[in-house]
Amino acid sequence: MKNTLQDSNEESLLWYAMYAYKKEMTAQTELDKEGIKNFIPMRYGIKERHGKKERVLVPAISNLIFVYSTKSVLSGFKLKNPYLQYIMQKTGANRKIITIPTKQMQEFISIAEKYEENITYYKPEEVNLAKGVKVRVHGGVFDGVEGTLLKVKGKRCKRIVISIPDVITIAATYIQPELIEILS
(Lines give C-alpha, C1' and ligand atoms only; values in the text may rest on other atoms or scores of the structure.)
Protein backbone atom coordinates (compact mmCIF):
# COMPACT_ATOMS: atom_id res chain seq x y z
CA MET A 1 0.00 0.00 0.00
CA LYS A 2 1.39 3.38 -0.94
CA ASN A 3 -0.06 5.13 2.12
CA THR A 4 3.47 5.71 3.33
CA LEU A 5 4.64 4.85 6.82
CA GLN A 6 5.71 8.45 7.31
CA ASP A 7 2.16 9.63 6.59
CA SER A 8 0.69 6.85 8.75
CA ASN A 9 2.78 7.96 11.73
CA GLU A 10 1.67 11.59 11.43
CA GLU A 11 -1.98 10.95 10.56
CA SER A 12 -4.35 8.10 11.03
CA LEU A 13 -5.65 5.97 8.23
CA LEU A 14 -9.39 6.55 7.91
CA TRP A 15 -12.21 5.35 5.69
CA TYR A 16 -13.61 8.26 3.66
CA ALA A 17 -16.98 8.15 1.86
CA MET A 18 -16.51 9.78 -1.55
CA TYR A 19 -18.31 10.62 -4.79
CA ALA A 20 -16.74 9.94 -8.16
CA TYR A 21 -19.47 11.17 -10.52
CA LYS A 22 -19.83 8.48 -13.21
CA LYS A 23 -16.17 7.54 -12.63
CA GLU A 24 -16.20 5.23 -9.60
CA MET A 25 -14.54 2.41 -11.57
CA THR A 26 -11.91 4.82 -12.97
CA ALA A 27 -11.29 6.08 -9.43
CA GLN A 28 -10.85 2.51 -8.20
CA THR A 29 -8.32 1.76 -10.97
CA GLU A 30 -6.34 4.92 -10.22
CA LEU A 31 -6.43 4.32 -6.45
CA ASP A 32 -5.27 0.73 -7.00
CA LYS A 33 -2.35 1.98 -9.12
CA GLU A 34 -1.31 4.22 -6.22
CA GLY A 35 -1.71 1.35 -3.74
CA ILE A 36 -4.53 3.12 -1.89
CA LYS A 37 -7.08 0.71 -0.41
CA ASN A 38 -10.66 1.30 -1.55
CA PHE A 39 -14.04 -0.39 -1.76
CA ILE A 40 -17.00 -0.09 -4.11
CA PRO A 41 -20.19 -1.96 -3.12
CA MET A 42 -21.04 -4.18 -6.10
CA ARG A 43 -24.01 -6.31 -7.16
CA TYR A 44 -24.81 -8.50 -10.12
CA GLY A 45 -26.61 -6.84 -13.01
CA ILE A 46 -27.44 -7.74 -16.59
CA LYS A 47 -25.52 -5.98 -19.36
CA GLU A 48 -25.75 -6.56 -23.08
CA ARG A 49 -22.46 -7.05 -24.93
CA HIS A 50 -22.22 -7.96 -28.60
CA GLY A 51 -25.92 -8.81 -28.69
CA LYS A 52 -25.74 -11.22 -25.73
CA LYS A 53 -26.93 -10.60 -22.20
CA GLU A 54 -24.34 -11.25 -19.52
CA ARG A 55 -24.49 -11.28 -15.73
CA VAL A 56 -21.74 -8.92 -14.55
CA LEU A 57 -20.72 -7.15 -11.36
CA VAL A 58 -21.69 -3.47 -11.40
CA PRO A 59 -21.56 -0.76 -8.72
CA ALA A 60 -24.55 -1.14 -6.39
CA ILE A 61 -24.72 2.60 -5.83
CA SER A 62 -23.71 4.93 -8.65
CA ASN A 63 -20.80 7.27 -7.95
CA LEU A 64 -20.00 5.91 -4.44
CA ILE A 65 -16.52 4.74 -3.40
CA PHE A 66 -14.95 4.30 0.03
CA VAL A 67 -11.25 5.11 0.36
CA TYR A 68 -8.92 4.06 3.21
CA SER A 69 -6.09 6.55 3.47
CA THR A 70 -4.63 9.46 5.37
CA LYS A 71 -6.06 12.85 4.57
CA SER A 72 -2.73 14.14 3.19
CA VAL A 73 -2.25 11.17 0.82
CA LEU A 74 -5.85 11.47 -0.32
CA SER A 75 -5.53 15.25 -0.82
CA GLY A 76 -2.53 14.66 -3.09
CA PHE A 77 -4.47 12.02 -5.02
CA LYS A 78 -7.46 14.37 -5.40
CA LEU A 79 -5.24 17.07 -6.95
CA LYS A 80 -4.52 14.68 -9.86
CA ASN A 81 -8.08 13.31 -9.90
CA PRO A 82 -10.44 16.23 -9.16
CA TYR A 83 -13.58 14.22 -10.02
CA LEU A 84 -13.17 12.44 -6.65
CA GLN A 85 -15.01 14.43 -3.96
CA TYR A 86 -15.58 13.96 -0.23
CA ILE A 87 -19.13 13.28 0.90
CA MET A 88 -19.96 15.97 3.44
CA GLN A 89 -22.30 16.02 6.42
CA LYS A 90 -24.10 19.22 7.36
CA THR A 91 -23.72 20.10 11.03
CA GLY A 92 -25.53 23.37 11.61
CA ALA A 93 -23.90 26.02 9.43
CA ASN A 94 -20.78 23.88 8.91
CA ARG A 95 -19.95 20.91 6.70
CA LYS A 96 -17.80 18.01 7.84
CA ILE A 97 -16.06 15.31 5.78
CA ILE A 98 -17.69 11.94 6.46
CA THR A 99 -15.32 9.29 7.78
CA ILE A 100 -16.35 5.79 8.80
CA PRO A 101 -14.92 3.92 11.80
CA THR A 102 -12.86 0.91 10.69
CA LYS A 103 -15.01 -1.67 12.56
CA GLN A 104 -18.19 -0.28 11.02
CA MET A 105 -16.62 -0.34 7.56
CA GLN A 106 -15.45 -3.94 8.07
CA GLU A 107 -19.02 -4.93 9.02
CA PHE A 108 -20.36 -3.15 5.93
CA ILE A 109 -17.79 -4.78 3.63
CA SER A 110 -18.45 -8.24 5.11
CA ILE A 111 -22.09 -7.96 4.02
CA ALA A 112 -21.53 -6.06 0.75
CA GLU A 113 -19.00 -8.66 -0.50
CA LYS A 114 -21.66 -11.40 -0.46
CA TYR A 115 -22.72 -10.78 -4.05
CA GLU A 116 -24.77 -13.97 -4.30
CA GLU A 117 -26.89 -13.09 -1.26
CA ASN A 118 -30.13 -11.13 -1.44
CA ILE A 119 -28.73 -7.77 -0.31
CA THR A 120 -30.59 -4.49 -0.53
CA TYR A 121 -29.13 -0.97 -0.36
CA TYR A 122 -31.07 1.97 1.09
CA LYS A 123 -30.62 5.70 1.47
CA PRO A 124 -30.25 6.57 5.18
CA GLU A 125 -33.67 8.25 5.32
CA GLU A 126 -35.42 5.09 4.04
CA VAL A 127 -34.72 3.04 7.20
CA ASN A 128 -35.48 3.88 10.85
CA LEU A 129 -32.74 2.17 12.88
CA ALA A 130 -34.18 3.49 16.17
CA LYS A 131 -36.93 0.86 15.88
CA GLY A 132 -34.44 -2.03 15.69
CA VAL A 133 -32.57 -4.24 18.14
CA LYS A 134 -28.75 -4.52 18.19
CA VAL A 135 -27.69 -8.09 17.29
CA ARG A 136 -24.70 -10.27 16.36
CA VAL A 137 -24.81 -13.21 13.93
CA HIS A 138 -23.22 -16.55 14.94
CA GLY A 139 -22.73 -18.87 11.96
CA GLY A 140 -23.62 -18.81 8.30
CA VAL A 141 -22.19 -16.46 5.68
CA PHE A 142 -22.64 -13.44 7.98
CA ASP A 143 -20.86 -14.99 10.98
CA GLY A 144 -19.60 -12.29 13.36
CA VAL A 145 -21.53 -9.42 11.77
CA GLU A 146 -23.08 -6.94 14.21
CA GLY A 147 -25.93 -4.73 13.15
CA THR A 148 -29.54 -3.83 13.80
CA LEU A 149 -32.37 -6.31 13.34
CA LEU A 150 -35.47 -4.67 11.96
CA LYS A 151 -38.41 -5.00 9.63
CA VAL A 152 -37.59 -3.39 6.29
CA LYS A 153 -40.51 -1.87 4.39
CA GLY A 154 -41.61 -4.08 1.51
CA LYS A 155 -39.88 -7.21 2.86
CA ARG A 156 -41.65 -10.08 4.62
CA CYS A 157 -39.11 -10.82 7.33
CA LYS A 158 -36.69 -8.97 9.58
CA ARG A 159 -33.18 -8.36 8.27
CA ILE A 160 -29.76 -7.45 9.65
CA VAL A 161 -29.00 -3.86 8.73
CA ILE A 162 -25.61 -2.09 8.76
CA SER A 163 -25.70 1.67 8.37
CA ILE A 164 -23.07 4.23 7.51
CA PRO A 165 -24.84 7.39 8.71
CA ASP A 166 -25.62 9.99 6.05
CA VAL A 167 -24.18 7.73 3.31
CA ILE A 168 -25.80 4.30 2.90
CA THR A 169 -27.60 1.47 4.68
CA ILE A 170 -27.32 -2.16 3.63
CA ALA A 171 -29.78 -4.92 4.56
CA ALA A 172 -28.71 -8.55 4.45
CA THR A 173 -30.92 -11.39 3.40
CA TYR A 174 -33.06 -13.33 5.86
CA ILE A 175 -30.98 -14.84 8.66
CA GLN A 176 -32.18 -17.83 10.65
CA PRO A 177 -33.31 -16.76 14.15
CA GLU A 178 -31.15 -19.39 15.88
CA LEU A 179 -28.02 -17.67 14.49
CA ILE A 180 -28.89 -14.30 16.04
CA GLU A 181 -27.70 -13.11 19.47
CA ILE A 182 -29.43 -10.06 20.88
CA LEU A 183 -26.95 -7.54 22.29
CA SER A 184 -27.95 -5.37 25.25
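Trainee: Glu181, is that buried, exposed or partly exposed?
Mentor: Glu181 counts as partly exposed, because its relative accessibility is 29% and the band for that class runs between 20% and 50%. Keep in mind that this is a predicted model.

Trainee: Which element is Glu181 in?
Mentor: Glu181 sits in strand β15, residues 180-182.

Trainee: And what does Glu181 touch, leaving out residues up to four places away in sequence?
Mentor: Lys134, Val135, Arg136 and His138.

Trainee: Step back a bit. How many helices and strands are in the chain?
Mentor: The chain has four helices and 15 strands. Its radius of gyration is 18 Å, close to the 16 Å from the globule rule for 184 residues, so the chain is as compact as a globular protein of that length.

Trainee: What box do the C-alpha atoms fill?
Mentor: Roughly 50 × 50 × 35 Å, along the principal axes.

Trainee: What share of the residues is buried?
Mentor: Of the 184 residues, 43% count as buried. The accessible surface is about 11000 Å², and carbon and sulfur atoms account for 50% of that surface.

Trainee: What about contacts between residues at least 6 apart in sequence, how many of those join residues at least 24 apart?
Mentor: 64% of them.

Trainee: Charges next. How many positive and negative side chains are there?
Mentor: There are 29 positive and 20 negative side chains, with the centres of the two sets 7 Å apart.

Trainee: On to the rings. How many aromatic pairs does the structure hold?
Mentor: Four. One of them is Phe39 with Phe108, an edge-to-face pair at 6.3 Å centre to centre with 90° between the planes.

Trainee: Which parts of the chain does that pair tie together?
Mentor: Phe39 is in strand β2 (residues 37-39) and Phe108 is in helix α4 (residues 102-112), so the pair links parts that are 69 residues apart in sequence.

Trainee: Are Phe39 and Phe108 buried or exposed?
Mentor: Phe39 is buried at 8% relative accessibility, and Phe108 is buried at 0%. The cut-off for buried is under 20%.

Trainee: Staying with helix α4, where does Thr102 come in?
Mentor: Thr102 is found in helix α4 and is partly exposed, with a relative accessible area of 33%. Leaving aside neighbours within four places in sequence, Thr102 is in contact with Trp15 and Tyr68.

Trainee: Backbone now. What is the phi of His50?
Mentor: His50 has a positive phi of about 55°, although His50 is not a glycine. It is found in the loop between β3 (42-49) and β4 (52-59).

Trainee: And Asn63, what is its phi?
Mentor: Positive as well, about 75°, and Asn63 is not a glycine either. Asn63 lies in the loop between β4 and β5 (64-69).

Trainee: Buried or exposed, for those two?
Mentor: His50 is exposed, with a relative accessible area of 85%, whereas Asn63 is buried at 16%.

Methods. Residues numbered from 1 in each chain as written. Predicted model: local features only at pLDDT ≥ 70, side-chain atom pairs only at ≥ 80, totals over all residues. Heavy atoms only, no water. Helix = DSSP H or I, 4+ residues; strand = E, 2+ residues; numbered from the N terminus. Rg over C-alpha atoms; globule rule 2.2 N^0.38 Å. Buried < 20%, exposed > 50% of the residue type's maximum accessible area, 1.4 Å probe, protein only. Contact = heavy atoms within 4.5 Å. Areas by Shrake-Rupley, 256 points an atom, 1.4 Å probe, with all protein chains shown as cover. Lys, Arg positive; Asp, Glu negative; His and termini not counted. Charge placed at Lys NZ, Arg CZ, Asp CG, Glu CD. Phe/Tyr/Trp six-rings, centres within 6.5 Å; stacked < 30°, edge-to-face > 60°.
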